[in-house]
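The tour moves from one selection to the next.

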Amino acid sequence: MFQSPSLNATIIFLAFIVIAFVTSFIQSKWQDDEKISMAEPSLSVPAKIFEDFDQSSLTLIKIEVLNGCGEKDVGKQFTDFLRNYHVDVISTKNADHFDFSATQIIQRSEFLDRGYQVASLLGIDEDDIIDDFDLNMELDITVVIGSDFKSIKPFDTYLESRRLN
């Protein structure tokens, strides 16, 4: 009978592979039926924040906040309130004068839905949005805070929650 050294090596190698498979199979049958499963990863707090941020349609809105009532720090507080809803407030400053009795939403871009979203957030009637389009401005909305700012329920609730903390 003709025997080749390479054929013998191949047969021995294949025998070891078969023995390894059989051993593995036997071990898996003799162990308890304990299955290892992948646990669902839980979202950490920062990951949850980013998930909420990505899902918010308000993240696309660029807003300028103007203090039109003269109340100290109301512009900063209003900016913090809007940013809490992931709105991109690009500037906060005083208006030309402090005689605004009513808070105004001024539409600056062609994206009308953004004005409606801000009006909805503030509880202001959509019919009260002022159209003053200026496509040269790098923003969608100007919010002028009037002396009625305490009657804006969501903002007042936000201020109250900050006082309690």
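Helices (H or I, at least four residues) and strands (E, at least two) are DSSP runs, numbered from the N terminus. Histidine 86 sits in the loop between H3 and E2. It is not a glycine, yet its phi is positive. Most residues other than glycine have a negative phi. With 23% relative accessibility, histidine 86 counts as partly exposed. The classes use relative accessible area with a 1.4 Å probe and protein chains only: buried is under 20%, exposed over 50%, partly exposed in between.

This is a predicted model, in which local features need pLDDT of at least 70 and side-chain atom pairs count only at pLDDT 80 or more, while totals for chains, interfaces and linings use all residues. Residues are numbered from 1 along each chain as its sequence is written, and side-chain values use heavy atoms, leaving out hydrogens and water.

Next, select aspartate 73. This residue lies in the loop between E1 and H3. Aspartate 73 also has a positive phi of about 70° without being a glycine. Its relative accessibility of 44% makes aspartate 73 partly exposed.

Now show H3 itself, residues 74-84. Which residues of H3 are buried? Val74, Gly75, Phe78, Thr79, Phe81 and Leu82 are. Look down the axis of H3: these buried residues fall within an arc of 160°, so they line one face of the helix. The arc is that of the directions from the helix axis to the C-beta atoms. An α-helix has 3.6 residues a turn, so residues three or four places apart point the same way. Color the partners of that face: E1, strand E2 (88-94), H4, E5 and H5.

Go to H5, residues 153-164. This helix has 12 residues and reaches 16 Å from first C-alpha to last, close to the 16 Å expected at 1.5 Å a residue. The expected span is 1.5 Å times one less than the number of residues. Phe155, Tyr158 and Leu159 are buried in H5. They cover an arc of only 95° around the axis, which puts them on the same side of H5. Turn to the other side of H5, and Lys153 and Leu164 are exposed.

Display H3 and H5 together. At what angle do H3 and H5 pack? The angle is about 100°, and the axes are 10 Å apart. Axes are lines fitted to C-alpha atoms, for helices over the stretch in contact, and angles run from 0 to 180 degrees between N-to-C directions. H3 and H5 are therefore roughly perpendicular, a class that spans 65 to 115 degrees. Show the side chains where they meet, with contact meaning heavy atoms within 4.5 Å. From H3 come Val74, Gln77, Phe78, Asp80, Phe81 and Asn84; from H5, Pro154, Phe155, Tyr158, Leu159 and Arg162.

Move to H4, residues 112-122. Buried here are Arg114, Gly115, Val118, Ala119, Leu121 and Leu122. Down the axis of H4, they fall within an arc of 160°, so they line one face of the helix. They pack against strand E1 (62-67), H3, strand E3 (104-107), strand E5 (141-145) and H5. Just after H4, pick glycine 123, which takes a positive phi of about 75°.

Finally, zoom out. The protein has 5 helices and 5 strands, in the order α-α-β-α-β-β-α-β-β-α from the N terminus. Of its 165 residues, 29% count as buried.

Notes. Angles under 35 degrees count as roughly parallel, over 145 as roughly antiparallel, 65 to 115 as roughly perpendicular and the rest as oblique.
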